[in-house]
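Keep the sequence beside the structure as you read.

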Amino acid sequence: FFFFKQKTAYEISACLVGSEMCIRDRFGVSDFIAVINPPQSCILAVSQTEKRLVPGLQDPNVPRVASVMTVTLSCDHRVVDGLVGSKWLQRFKHYIEHPISILV
């Protein structure tokens, strides 16, 4: 059995001072999950794009070839709630698919 000392809220917040978000890319790899290292609060794992068959835009029964990129967000849940992380990923996806919307 392993026993861990329970940290107080002050000790947890003290070790997260200066936390940041990091982006890791592994081009040549289809997908991966990045590990959070202190003092990071989030890390975004970005893989290479690859061609895949997806349903068509006008007719879903007619497949088309699209460039697909896998992105994984790992969050330290002491800093970032899972709901906030998923909303951030939704916005990220929107900006990647519609880059002109960043300017609007």
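Begin at S101. Its side chain makes a polar contact with the side chain of H94, at 3.4 Å. This is a predicted model, so the distance is a computed one. The side chain of S101 also reaches the backbone oxygen of H98, at 2.6 Å. Where does S101 lie? It sits in the segment after α2. Leaving aside residues up to four places away in sequence, S101 touches H94 and Y95.

Now step back to the whole chain. It has 2 helices and 3 strands. Read from the N terminus, the elements run α-β-β-β-α. Helix α1 covers residues 9-15. Strand β1 spans 20-26 and β2 spans 40-55. Strand β3 takes in 63-75, and α2 takes in 82-97. The chain counts 104 residues, and buried residues make up 20% of them. Consider the contacts with a separation of 6 or more: residues 24 or more positions apart account for 32% of these.

How far can each part be trusted? The chain averages a pLDDT of 77. A score of at least 70 is reached by 77% of the residues. Confidence is highest in α2, at 89. It is lowest in helix α1, at a mean of 50. Over residues 1-7, pLDDT stays under 50. For that stretch the model has 3 contacts beyond four places in sequence.

Next, turn to the largest pocket. Its volume is about 280 Å³. Which residues line it? The lining is made of T49, S67, V68, M69, V71, L89, F92, K93, I96 and E97. Both β3 and α2 supply at least two residues of this lining. Helix α2 gives the most, with 5 residues. By type, the lining divides into 6 nonpolar, 2 polar and 2 charged residues.

Finish in a loop. P38 is placed between β1 and β2. Is P38 buried or exposed? The relative accessible area of P38 is 74%, and the cut-off for exposed is over 50%, so P38 counts as exposed. D76 is 38 residues away from P38 in sequence, and their C-alpha atoms are separated by 9.3 Å.

Notes:
Residues numbered from 1 in each chain as written. Predicted model: local features only at pLDDT ≥ 70, side-chain atom pairs only at ≥ 80, totals over all residues. Heavy atoms only, no water. 1 Å grid on protein atoms, 1.4 Å probe; cavity = no way out; pocket = protein on both sides within 12 Å on 5 of 7 lines; lining within 4 Å. Points joined across faces, edges and corners; volume = space filled by probe spheres on them. Helix = DSSP H or I, 4+ residues; strand = E, 2+ residues; numbered from the N terminus. Nonpolar A, V, L, I, M, F, W, Y, C, P; charged D, E, K, R; others polar. Polar contact = N/O pair within 3.5 Å; in protein donor to acceptor, adjacent residues only side chain to side chain. Contact = heavy atoms within 4.5 Å. pLDDT = per-residue confidence, 0-100. Buried < 20%, exposed > 50% of the residue type's maximum accessible area, 1.4 Å probe, protein only.
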